[in-house]
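Here's a quick briefing to read alongside the model. Have the viewer open and follow along topic by topic.

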Amino acid sequence: GAESNLFMVSFGESEKKKENSERVYIRCSGKMVFEKEPNMVTFHDDVKVRRGSSTMTTDKMVIVFDKGADKPKMIVAEGSVTASDGVKVAKGDTLFWDAVTNATTIKGTPNAAFFEKKTSMISPKMLFNQKEDKVDAPQSGQLTTKGFKDDDSEDGMLGSGNVTIAWKGRMSFEKSKGTAVFEEDVQLSRKDFKLNSQELVINFKQEEGLKVKSLRATGGAYMVEKKEDALREVYGDEVIWDMDTGLIEVLGEGTLYVQGEEEAEGSGGEGSEGKGMTNISWFKKMVRDEKNGEISFFENVLAIKNQQQVECNRLNAFVDEDNKIKRVVALGDVVYSDTKEGGIEALGDVMEWDWKYNRMILSGTPTAEVRRKEARTFAKRVYYDPETQRLSWREKPHWQIPLEGRDSGASLPLTP
């Protein structure tokens, strides 16, 4: 008989190869035809094949033997093919096995299907190469698996729930290397999370089934995450995700959109920020640390929260256990603006922004500068409440009154 067990490669943990000494039993309801040349036997109608725990059913099966008519060198099954070894199951319209390459091709219209424990895959054509321990799907398809992470929690952007990967180009899985490559309009999705890219490369932990070590999405990446009434979207050139460290890097110029965050505490009155849109853009990269609840943005950063915005060289955002931003720290060449009537513009080196309560502290070396209308003040540290538009400071400020105001004797206070 054929040396492979059901002719298929496993997506899961490595299994010990079974002995190949079991007899092969073939039954059919129709006729069996043997042709001496080219050493071929054909089984018709309701064909059933059994070898140990492996079975296959089909409408028609052709076996081509080697010259000595001793071992099969080719097997072709046509019509309603179902093959199983008790763990892995494949279904399709046709199955082709080649003894030389020890590879099996399964085709189906619109799709063939493969199932194994926690993993399933559909595609019009799938190739299983046992010699190279490789699976190829040269056309569009979809793979669904459970348990991308080591823990059993449902939290996080992947967690342990069902993960689905769809692609329009091709897929290649090399078990010996622990890598899977998905090409063209790839979408990875789980529950309320999606990652889109043109190419997705996943590295798995060896001998641990489909436990992911890291992934890399290139060709333009888009991530979206929904949680209750909040929506987060991230655009970038490339995403690198390390499951062990919990670090997610979005490389290249990118943007983070946050919509529907809960309104700030005590901001229910007139002029409150309320629910709205947060927009953070950067030029170099974004790094998200899932374990420590920190997100960092690098180079030419612009953060917009409703009618407020801050520009800086680097921005660090800290999130709470509900994954909502609670505080941000802007570093380097900080420029803050409150565009509401009576708001301020401020320049400094560091700005700490209480995102939840919407209050901030701006500091500078030697001083920070605050502007309102045509008046300016300088102080080491400035406190600002956008809700009341009230300014305060602990150090003695330095005031600068415009010439026209000084000439007329007018006073231009910084509080409305």
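Leaving aside neighbours within four places in sequence, which residues is S172 in contact with? They are K134, V135, D136, T179, A180 and V181, where contact means heavy atoms within 4.5 Å.

Before going further, a word on ground rules. This is a predicted model, so local features need pLDDT of at least 70 and side-chain atom pairs count only at pLDDT 80 or more, while totals for chains, interfaces and linings use all residues. Residues are numbered from 1 along each chain as its sequence is written, and side-chain values use heavy atoms, with hydrogens and water left out.

**The overall picture**

- The protein has one helix and 30 strands; both are DSSP runs numbered from the N terminus, with helices being H or I of at least four residues and strands being E of at least two.
- Of the 416 residues, 46% are buried; buried is under 20% relative accessible area, exposed is over 50%, and partly exposed is in between, using a 1.4 Å probe and protein chains only.
- Take the contacts with a separation of 6 or more: 43% of them are between residues 24 or more positions apart.

- S172 sits in strand 12 (residues 171-174) and counts as buried, at 9% relative accessibility.
- One of the residues S172 touches is V135; the two are 37 residues apart along the chain, yet their C-alpha atoms are separated by 5.8 Å.
- N279 belongs to strand 21 (residues 277-282), and beyond the residues up to four places away in sequence it touches T255, L256, Y257, L302, A303 and I304.
- Between the C-alpha atoms of N279 and Q309 there are 9.1 Å, with 30 residues separating the pair along the chain.
- K146 is in strand 10 (residues 141-146) and is partly exposed at 40% relative accessibility.
- From K146 to S120 it is 9.6 Å, C-alpha to C-alpha, for a pair 26 residues apart in sequence.

- T109 and P110 are joined by a cis peptide bond with omega at about 0°, and P110 is placed in strand 7 (residues 103-116).
- Another cis peptide bond runs from T365 to P366, with omega near 5°; P366 is in strand 27 (residues 359-372).
- N102 isn't a glycine, but its phi is positive, at about 50°. You'll find N102 in the loop between strand 6 (88-98) and strand 7, where it is buried with a relative accessible area of 18%.
- K373 also isn't a glycine and has a positive phi, near 55°. K373 lies in the loop between strand 27 and strand 28 (375-385), and it is exposed, with a relative accessible area of 76%.

**Empty space inside**

- Rolling a probe the size of a water molecule over the atoms shows where empty space is left.
- How many cavities of 30 Å³ or more are there? The count is four. A cavity here is a set of points, on a 1 Å grid over the protein atoms alone, where a 1.4 Å probe fits but cannot get out; points are joined across faces, edges and corners, and a volume is the space filled by probe spheres set on them.
- The second largest cavity has a volume of about 110 Å³.
- This second largest cavity is lined by 12 residues, and M223, E225, V234, L256 and R288 are the closest to its centre; lining residues have an atom within 4 Å of a point.
- Strand 16 (221-227), strand 17 (230-236) and strand 22 (285-289) each give two or more residues to that lining.
- By class, the lining of the second largest cavity has eight nonpolar, four charged and no polar residues. Nonpolar covers Ala, Val, Leu, Ile, Met, Phe, Trp, Tyr, Cys and Pro, charged covers Asp, Glu, Lys and Arg, and the others, Gly among them, are polar.

**Cysteines**

- A disulfide is a covalent bond between the sulfur atoms of two cysteines.
- The structure holds zero disulfides, judged by a pair of cysteine sulfur atoms within 2.5 Å.
- C28 is partly exposed at 26% relative accessibility, whereas C312 is buried at 4%.

Conventions: 1 Å grid on protein atoms, 1.4 Å probe; cavity = no way out; pocket = protein on both sides within 12 Å on 5 of 7 lines; lining within 4 Å.
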